[in-house]
Amino acid sequence: MRHGRRGRKLNRNSSARTALARAQATALLREGRIQTTVAKAKELRPYVEKIITTAKAGGLHARRLCAEDIQDNAVLRKLMDEVAPKYAERPGGYTRILKVGVRRGDSAPLALIELV
């Protein structure tokens, strides 16, 4: 039994899950919204919100902590200079998940995850 086990495996090993989360977080912060499956969106939400909360602190230490996950310098700059100050007064809930239907090939449920 998997009592108390958090997170979804998403049919990947741990390094692939980490790479997927980093890539999707980078894309979400770059584009503002991305379309993915519902399961991946639900896994991405807390990951991105923790990054934004860390970035809100500002300073070099916060930038380096965010740089562990956001490895694109342009996106990291956008996160620190535009996104984090935008949510300075907001205590959380920076993302929204909207279900948009099913994928044509395999009927996987699709969702749109966007920054509020």
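Reader: Leaving aside neighbours within four places in sequence, with which residues is C66 in contact?

Author: The model is a predicted one. C66 has its place in helix α3. Once its neighbours within four places in sequence are set aside, C66 is in contact with I51, T54, A55, L76, L79 and M80.

Reader: Is C66 buried or exposed?

Author: A residue counts as buried when its relative accessible area is under 20%. The relative accessibility of C66 is 2%, so C66 is buried.

Reader: How far apart are the C-alpha atoms of C66 and M80?

Author: C66 and M80 are in contact. Along the chain they stand 14 residues apart, and their C-alpha atoms are separated by 8.9 Å.

Reader: Is M80 buried or exposed?

Author: M80 lies in helix α4. The limit for a buried residue is a relative accessible area under 20%. With a relative accessibility of 11%, M80 therefore counts as buried.

Reader: Which residues have the most contacts inside the largest nonpolar core?

Author: The largest nonpolar core has 26 residues. Those with the most contacts inside this core are L28, L29, L44, I52, C66, I70 and L79.

Reader: Which element gives the most residues to this core?

Author: The elements that give two or more residues to the core are α1 (14-31), α2 (38-56), α3 (59-67), α4 (73-86) and β3 (109-115). With 7 residues, the element that gives the most is α2.

Reader: Which residues does L79 touch, not counting those up to four places away in sequence?

Author: L79 is one of the residues with the most contacts inside the largest nonpolar core. Not counting residues up to four places away in sequence, L79 touches L29, I51, I52, A55, C66, I70, A84 and P85.

Reader: Is K78 buried, partly exposed or exposed?

Author: K78 is found in helix α4. Beyond four places in sequence, K78 is in contact with L29, R30 and V83. The C-alpha atoms of K78 and L29 are separated by 8.0 Å, although the two residues are 49 apart along the chain. The relative accessibility of K78 is 26%, so K78 counts as partly exposed.

Reader: What is the relative accessible area of R77?

Author: R77 is also found in helix α4. R77 touches R63 and E82, not counting residues up to four places away in sequence. Exposed would require over 50%. R77 is partly exposed because its relative accessible area is 48%.

Reader: Which residues does T37 touch, not counting those up to four places away in sequence?

Author: T37 lies in strand β1 (residues 33-37). T37 is buried, because its relative accessible area is 11%. Not counting residues up to four places away in sequence, T37 touches R103, A108, P109, L110 and A111.

Reader: Where is S107, a residue other than glycine with a positive phi?

Author: Phi of S107 is near 60°. S107 is found in the loop between β2 (95-102) and β3.

Reader: What is the phi of L10?

Author: L10 is found in the segment before α1. L10 is not a glycine, yet its phi is positive, at about 55°.

Reader: In what order do the elements of the chain run?

Author: The secondary structure comes to 4 helices and 3 strands. From the N terminus on, the order is α-β-α-α-α-β-β.

Reader: What is the radius of gyration of the chain?

Author: For 116 residues the globule rule gives 13 Å. The value for the chain is close to this, so the chain is as compact as a globular protein of that length; its radius of gyration is 15 Å.

Reader: What share of the residues in the chain is buried?

Author: Buried residues in this chain include C66 and M80. Among the 116 residues of the chain, the buried share is 34%.

Technical notes
Residues numbered from 1 in each chain as written. Predicted model: local features only at pLDDT ≥ 70, side-chain atom pairs only at ≥ 80, totals over all residues. Heavy atoms only, no water. Buried < 20%, exposed > 50% of the residue type's maximum accessible area, 1.4 Å probe, protein only. Contact = heavy atoms within 4.5 Å. Rg over C-alpha atoms; globule rule 2.2 N^0.38 Å. Core = buried A, V, L, I, M, F, W, Y, C linked by side-chain atoms within 4.5 Å.
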